[in-house]
Amino acid sequence: MIRILGIESTCDETGAAVVEDGCCVRSNVIATQFDLHEKFRGVVPEIASRAHIENILPVIQQSLDACGLNLKDIDAVAVAHRPGLIGSLLIGVTAAKTLAWAIGKPLIAVDHVQAHLYSVLLDREATPDDGAPVFPAVGLVASGGHTAIYRIASWTDIELIGSTIDDAVGEAYDKVAAILGLGYPGGPVLDRLAQSGDPRAVRFPRSMLATDSLDFSFSGLKTSVLYHVRGLPDQPRAFPDPAQVADIAASFQAACVDVIIKKLRRAIGRTGARSVIVGGGVSANSALRGALPALGLPVFLPPLAYCTDNAAMTAGLACVHFLQQHFSTLNLDAITYSQFRKGPKSRNA
């Protein structure tokens, strides 16, 4: 049995988790910061990093207490060291390095985006080598900071083949929620509201870019919603009534999902994928989940508890690195960008 303590602090969630054998989640503790950032309608990096400092040690202790373990019972310490906000990353990386050194156990560096893809294996009876997605697979990570498509040959052999050129889809949700005077974060509230609206009420644009492009662009969609709600500078509109707001939410969501599904179809055709893996906060979206089966391939989604940022996915993926003896030194850096780049195939370093 391999027990790994995972630490997450890439953005505004302080997380710690204990995972056994890559998929059995023994504990998963998250300290959220929604109340700290809500009035700003977005994450303030300095506020986030200060909150991580306050939360990191209590969260780690809670994760151990929740499963009745001590640090001596841990086989390795894993941390999401990239990508993310530099101040936030540094808190988690420093804590992980200190713990690994103090208990004399291996330190494992994990790419946060790669961990979102791996999250589909959490809380499954299957191990990473049994009943898992069939490779090659197409992977989608959709969240507030990322909208990207990957060709996945294995959990450590991943190639970026499409990404957003402006707003991430989760970011577009947050901005549209702000336009409509709704709460933060925008994804859950818009999803709930859209269920009472008509997705055909407003025909918002679907930006597909070039005919063979796998990249995304959501800034034009966001701007279209803005003009629809407020009108043009010389032609202002009255703010929509509640029924119209629900229709706008449903129509916006339909446009987002249409684009994502069409891009995934292109990626499947290009890669010969045998399954589809979807992770990230937007993977919890009900409309997206409902549309994915139409792709005609087995679709793997994380349990709802592991869609947003969490440390269980970090600890789970770290088990793969542990078995391959991919350990880090205490010189491990916090890095703001993902290891995956377009172009030649990128492999986990």
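Which residues have the most contacts inside the largest nonpolar core? In this predicted model, that core has 45 residues, and F218 and F252 are the ones with the most contacts inside it. At least two residues each are supplied by strand 6 (137-142), helix 5 (169-179), helix 6 (186-194), helix 7 (219-230), helix 8 (242-271) and strand 11 (275-279), with helix 8 giving the largest share, 14 residues. Leaving aside neighbours within four places in sequence, F218 is in contact with T147, D166, D167, A168, V169, A172, C256, V259 and I260. Apart from this core lies another, of 38 residues, which includes A132, A137, M313 and F322. In soluble globular proteins, nonpolar side chains tend to be buried together.

Strand 5 pairs in the parallel sense with strand 4 (residues 76-82) over 5 bridges, and V77 stands opposite L107 of strand 5. Between strand 4 and strand 5 the chain passes through helix 3 (residues 86-103), in a β-α-β crossover that is right-handed.

H112 counts as buried because its relative accessibility is 3%, against a cut-off of under 20%. The side chain of H112 makes a polar contact with the side chain of D309 at 3.1 Å, and, not counting residues up to four places away in sequence, H112 touches E8, T10, A80, R82, P83, H146, D309 and M313.

Terms used: Residues are numbered from 1 along each chain as its sequence is written. This is a predicted model: local features need pLDDT of at least 70, side-chain atom pairs count only at pLDDT 80 or more; totals for chains, interfaces and linings use all residues. Side-chain values use heavy atoms; hydrogens and water are left out. Two strands pair if DSSP finds at least two bridges between them. Helices (H or I, at least four residues) and strands (E, at least two) are DSSP runs, numbered from the N terminus. A crossover is right-handed if, with the strands pointing away from the viewer, the path from the first strand over the helix to the second runs clockwise. Buried means under 20% relative accessible area, exposed over 50%, partly exposed in between (1.4 Å probe, protein chains only). A polar contact is a pair of N or O atoms within 3.5 Å; within protein, one must be able to donate a hydrogen and the other to accept it, and residues adjacent in sequence count only if both atoms are side-chain atoms. Contact means heavy atoms within 4.5 Å. A nonpolar core is a set of buried Ala, Val, Leu, Ile, Met, Phe, Trp, Tyr and Cys residues joined through side-chain atoms within 4.5 Å.
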